[in-house]
Each structure stands twice: as C-alpha cells, then as structure tokens.
Amino acid sequence: MDNLLFKKFSELICFNSLSDQLLNTIFNISKLVKFSLGEEIIQEGAISGKIYIIKEGNARLIANIDSRITTLGRLGSGEILGAASLLSGRSCEYFIASEPLVAYSIDEDDWLKLYSSNNEFKRFCDTKLYPQE
C-alpha cells in the first residue's frame with residue numbers, strides 16, 4: 001500500500017468519522033481515475049456502475065431544464081458521486097468535470113457488498129446527506 005496516498009485518502013472530509021480499518025478497506029477497493037475538462041463523469045439518466053470520490057478538481061452537477069443545460073452545484077475534493085443514485089435505485093445525478101479531475105473509483109458491486117456486510121459503512125451511507133439529492 002502506498003502510505004502517502006492512503007494518508008491523503010484518509011484525510012478526505014467525507015471520511016473523517018470512519019475507523020482506520022474501514023478506511024483501509026475502502027482504499028483497497030478503489031483505484032484512481034482521471035477526467036478531462038468537460039468529460040462526463042456520470043451520464044444523465046444513468047446509474048453509473050461506479051462510485052467516485054473526488055480527490056482533486058471539481059465536478060458540476062447539471063440538469064437539462066427546458067432543453068438548457070443548467071448548473072445546480074459544484075462539488076470538490078472529498079465529495080462522493082454516484083452513491084445517491086446507486087443506493088436509491090434511481091438516477092438523480094448528472095456530473096461533468098468542470099476542470100481536470102482525479103477521483104477514487106469504486107465498482108458498484110464492491111460498494112454494495114461493503115454496504116450489506118459492514119454496519120459502520122451502512123450507517124455512514126444511510127446518514128450522509130448527498131448535495132445532489
């Protein structure tokens with residue numbers, strides 16, 4: 001394990017209440033991915049199959065309102081993308097990179113397995129208010 005990368009991962013604000021053991025588990029099932037400016041992170045109307053935790057950069061939460069693309073918000077380091085849609089079973093997120101973005105990517109199967117098998121993680125997910133909801 002890359003200790004410096006894990007240290008940066010554990011310092012993300014979204015994880016400040018999690019145990020080191022759970023952080024280690026999440027870190028080990030994640031991989032770094034990059035998005036270019038304007039690249040879709042999560043497509044409109046889709047549940048992505050991946051959960052993204054922003055490491056660096058910003059994403060725009062967008063909506064198509066009256067055939068116009070509208071920015072509803074900007075999310076940055078430590079924010080979780082994709083979990084609200086996955087856990088609710090309905091698409092409620094449409095994100096593009098508003099600048100070059102680096103994120104930790106976790107497959108939905110790994111996220112759901114951890115959600116169903118780890119009470120601490122389940123509590124974390126069930127009590128987190130996602131800005132995009």
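Buried here means under 20% relative accessible area, exposed over 50%, and partly exposed anything in between (1.4 Å probe, protein chains only). All views come from a predicted model, where local features need pLDDT of at least 70, side-chain atom pairs count only at pLDDT 80 or more, and totals for chains, interfaces and linings use all residues. Residues are numbered from 1 along each chain as its sequence is written, and side-chain values use heavy atoms, with hydrogens and water left out.

View 1. Ser105 sits in strand 8, residues 101–107; helices (H or I, at least four residues) and strands (E, at least two) are DSSP runs, numbered from the N terminus. With a relative accessible area of 4%, Ser105 counts as buried. Leaving aside residues up to four places away in sequence, Ser105 touches Ile29, Ser30, Lys31, Val33, Lys50, Ile51 and Tyr52, a contact being heavy atoms within 4.5 Å.

View 2. Four strands line up in the order 1-8-3-6, with antiparallel pairing. Strand 1 (31–35) and strand 6 (80–81) are the edge strands, each with a single partner, so one side of each has no neighbour in the sheet. Strands pair if DSSP finds at least two bridges between them; strand 3 (residues 50–56) and strand 8 run antiparallel and are joined by six. Across that pair, Lys50 stands opposite Asp107 of strand 8. Helix 4 (residues 108–117) packs on the sheet, touching strand 3, strand 6 and strand 8, and its direction makes about 60° with that of strand 8.

**View 3. Helix 4 against helix 5.** Helix 4 packs with helix 5 (residues 119–127) at about 110°, their axes 6 Å apart. Axes are lines fitted to C-alpha atoms, for helices over the stretch in contact, and angles run from 0 to 180 degrees between N-to-C directions. Helix 4 brings Trp111, Leu114, Tyr115 and Ser117 to the contact, and helix 5 brings Asn119, Phe121, Lys122, Cys125 and Asp126.

**View 4. The two sides of helix 5.** Phe121, Phe124 and Cys125 of helix 5 are buried. Looking down the axis of helix 5, its buried residues fall within an arc of 95°, so they line one face; the arc is that of the directions from the helix axis to the C-beta atoms. Over on the other side of helix 5, Asn119, Arg123 and Thr127 are exposed. The cover over the buried residues of helix 5 includes helix 2 (20–28), strand 6, helix 3 (83–88) and helix 4.
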